[in-house]
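Please look at the sequence and the structure shown below before reading on. The report that follows goes through a few features, one after another.

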Amino acid sequence: MRTEPAQPSDLAKGDRVHRDIYLDEQVFRDELERIFYTTWVYVGHESEVRQIGDFKTTHIGLQPVIVSRHDDNAIYVMLNRCTHRAATVCQEQSGNTRVFRCGYHGWLFRRNGELLQPTLDSGYDKRDFNKSDFTLGRAPRVDLYRGMIFASLASEGPSLREHLGKAADYIDLAFDIAPDGDVHLSAGRQLYTYAGNWKLQCENVVDGYHTNFVHKSFLEVTGIPELTGLFNANSKGRAGDLGGGHGVLDSRAGLQPMYAESLKTAQGKRDLEALTERLGDRERAEYVLMSGGTNGFNLVVFPNVLMVAHQIRVVHPRTVHSTDVEMYPYLLGGASAATNAARLRTHEEFYGAAGAGGPDDVEMFRRVFEGLSAKGVPAVEWLHFARGLRRTVVEDGVEFGHATDEHPQRGFYRQWLRMMEAADR
Amino acid sequence: MTINDRVDRSTRQEIEQFISHELALLDDHEYSAWIELFAEDGVHWLPSNINDYNPNEHVSIIYDDKDAMLRRVRRLNLGRAVQEVPSRVCHQFSNLLVLEETDEEVMVRVVMVVYEVQRSRKHYYPGHCVYRLRRTDHGFRITLKKFCLIDNDQFYEHLTFMI
């Protein structure tokens, strides 16, 4: 039994993690400070705040934020906290507004967070009240990649592009498949919640080992042989550690015969022509179409944004053992109405509260959470991620294993440890 | 919303009887018979976030045509993961309003509550349900069942039973 507070290096050992990583309150508080309030965190997509005055609300870790497009067309990420007495100034999930008005004492803020006027302002004397001191708190760094808006609450650190590293290549693949190169998060948001630590969802989305077990009923009913073969022993798919905590479960090798067939159809040929023209590169166009967007792979962008199937998914830690998840199925700009409708039907079949797959994953998180209470003998202190330790292929600096291997999870926890061990700021 | 208050009593009774039967089939897990109540072009719809939108542009919790209903039922019957212990359900409806009536079709709205129990976990799902029912030689067939849960913009644990 440990009596000293656990050090991060006691908890993440490369091929395994200690149960406390999912249970310890102090670990959770440190994760917020050293990971969520330090690194780049996804806060939304440009298509959600297209017009001046558009806004959405979300969280970075536990901190409520507003993503807002100001008169100057710039996107601001501001803390949703009145600079007077702390009430949130925006209650809606999204909308369009001229100002943000705090409901508590009526203070008004511009769309970039500047205080317009305190109410009943004769109560404040210019000698001790300076309006500019009361601008809403702003994320010091905001940057976009392919329309994805990221914010960092640290004023210094790696650039967004440096942070994304090789994950950017997969984001490109996901969005390049849109005929006009742009995606739209206009199809609504779905939510689910589970009693369990946030990292369980991040591990799961690039876990090719669970699919044929947890999602057996889905695979049996769909009966598409290409799908069932993706995660068996003979799978040609692979799981990769992209560095920086990002990971990929890449199923393209198993799906490409299917995509090759669809490229031969009249529609497939038209798609290839159109994409070749837009990208100016036939080889790249073919590569993009043969990748099937995020149908061909699952991606985790450290720490908490996931790209799966037709959706961007955001994992929000709430407490050490409760997690909220948002799913944003997105539409492809320039695609036919029928294509986008089919994307939604495919999404609904597997994901969402009534889907064939998502709820079964959540059921596993519930079981893990219950099982994590077991302790006291060595066999139940650790969770293991040793699969494929000795079958690594390095390609372009990325360590890949078999589709069912745990390279992405080991990479995730390597970055977790790096950030948790960073010198106190 | 317009209300047709000139619907005669026998039509109301006929509709009530049909919906009671439909819901009893769900409560009894008689899914094959339940699907038979849908017209070939029938749709089972649970909107997400808001109640009125184009389902080809906005995501739904469920937007099943008859093929998708069949896949859902086959999956449920396999009884895996969340449904290893099948949910027990009880559907209740009231406040029947006939919105439209023609010789071919009636459209009605009811208040519906679904009670679900799985292990010791108990949930209830209230909402408004619109039925579009086509008159056929075999009685009514559902062309649309649209169940708008009043909290469909919120978090759900799961809705993997036949709601």
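Predicted model: local features only at pLDDT ≥ 70, side-chain atom pairs only at ≥ 80, totals over all residues.

Residues are numbered from 1 along each chain as its sequence is written, and chains are lettered from A and ligands numbered from 1 in the order in which they are written.

Helix H10 (residues 266-279) and helix H11 (residues 282-291) of chain A pack at an angle of about 125°, with their axes 8 Å apart. Here axes are lines fitted to C-alpha atoms, for helices over the stretch in contact, and angles run from 0 to 180 degrees between N-to-C directions. Helices (H or I, at least four residues) and strands (E, at least two) are DSSP runs, numbered from the N terminus.

Among the residues that meet in this pair are Leu272(A) and Leu275(A) from H10(A), and Ala285(A) and Val288(A) from H11(A); contact requires C-beta atoms, placed from the backbone, to lie within 7 Å.

## A sheet in chain A

An open sheet of three strands in chain A has the order S2-S11-S10, with antiparallel pairing, where two strands pair if DSSP finds at least two bridges between them. S2 (40-45) and S10 (141-145) of chain A stand at the edges, each with a single partner strand, so one side of each is left without a neighbour in the sheet. S2(A) is joined to S11 (residues 148-152) of chain A by five bridges, and the bridge partner of His45(A) in S11(A) is Met148(A).

## Where the chains touch

In the contact between the chains, 31 residues of chain A meet 26 residues of chain B. On the side of chain A that touches chain B, H12(A) gives the most, with eight residues. Elements that give two or more residues to that side include the following helices.

| Helix | Residues |
|---|---|
| H7 of chain A | 216-222 |
| H12 of chain A | 337-350 |
| H13 of chain A | 358-371 |

## A loop residue in chain B

Asp137(B) lies in the loop between strand S5 (121-136) and strand S6 (139-149) of chain B. Asp137(B) is exposed, with 5 other C-beta atoms within 10 Å; a residue is exposed at 12 or fewer such atoms, buried at 20 or more, and partly exposed in between.

Conventions: Contact = placed C-beta atoms within 7 Å.
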